[in-house]
Amino acid sequence: MRAQSSATAAASIAVGTSATAAGAAAPAAADRRVGTLQAALGVVAFSLTFPATAWGLEGFGPWALVAVRSVLAALIAGGCLLALRVPVPGRAHWPGLAVVAGGVVVGFPLLTTLALRTSSTAHAAVVVGLLPLTTALLSALRVGVRPSRTFWAAAVAGAAAVAVFTAQQSGGALTAADLYLFAALLVCAAGYTEGGRLARIMPGWQVIGWALVLCLPLSVPAAVAALALEPAHLTAHSVAGLLWVAAGSQFLGLVVWYRGMAAVGIPKASQLQLAQPLLTLVWSVLLLGEHLTVAAPLTAAAVLVCIAVTQRARG
């Protein structure tokens, strides 16, 4: 009887352990799905950045647009931080926040805005087309992530497909705008990598929130000076563009993006951005009246295949 009781107890423990493991695996899988959805929403928000910037440039100078968008986004973020009484991050986190601020708050918006003065949104989309691969490379160096060979092959193939497509759209000629775009690519990838790392320590919205607040001592005087040198001519397009790049691209989009990266990992989340240039081209047609070639659907199919492979590949 004792042996039977012991066996029954052992079986119960085994069943309980299996149930616990299954229960733990289910939330983990659900968290990954939610994280993927959040990262995808961030990509959608970012895909509107270039068309919105083009709208903003109709009424603002490039320096004024970047400075004012940073101030507005910081006011939104700072208001949220104050309302929720979020404590100031520890001293150890400020260097990382400075990298986020320099990359995604100042560097990428400024460099891409300068590029869009002479470049079309289709040409500028090459930046976000190559951004996933650059982010994955920097994360491998910074965070120690080592994705599989299948992951890298699919990532390189997707980046190549997007690069060929966007180069075809622009005629393949390198201009001064390309220098701004390639520089923007590097600083943004650094900001994404550092922000994704910090999002594992603090909520993603706090990462971008504190990065925006950190820039206020520079962005406020910069906005005043820029508006004095580049007077604004307010139109419906310029105001709508400014509001979107400030609230949508600069804050809300980065909130869900960093949350998604923290949930599914920096390399896999970054590969979702392979779809961003194509989404940008769609918005360019709808909002700016640009025209697409027949290569667009073919590239879209290739990119979607690469995204599916990178999301399934295990590092």
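Guide: Start with the residue classes: Ala, Val, Leu, Ile, Met, Phe, Trp, Tyr, Cys and Pro count as nonpolar, Asp, Glu, Lys and Arg as charged, and the others, Gly among them, as polar. The model is predicted: local features need pLDDT of at least 70 and side-chain atom pairs pLDDT 80 or more, while totals for chains, interfaces and linings use all residues. Residues are numbered from 1 along each chain as its sequence is written, and side-chain values use heavy atoms, without hydrogens or water.

A pocket here is an open set of points on a 1 Å grid over the protein atoms alone, where a 1.4 Å probe fits, with protein on both sides within 12 Å along at least five of seven lines; lining residues have an atom within 4 Å of a point. The second largest pocket has a volume of about 190 Å³, the space filled by probe spheres set on points joined across faces, edges and corners.

Helices are DSSP runs (H or I, at least four residues), numbered from the N terminus. H8 gives the most, with five residues.

Now the lining itself. Trp63, Val66, Ala67 and Ser70 belong to it. So do Val105, Val106 and Leu110. Cys215, Leu218, Ser219, Ala222 and Ala226 complete the list. By class, 10 are nonpolar and two are polar.

Definitions and conventions: Helices (H or I, at least four residues) and strands (E, at least two) are DSSP runs, numbered from the N terminus.
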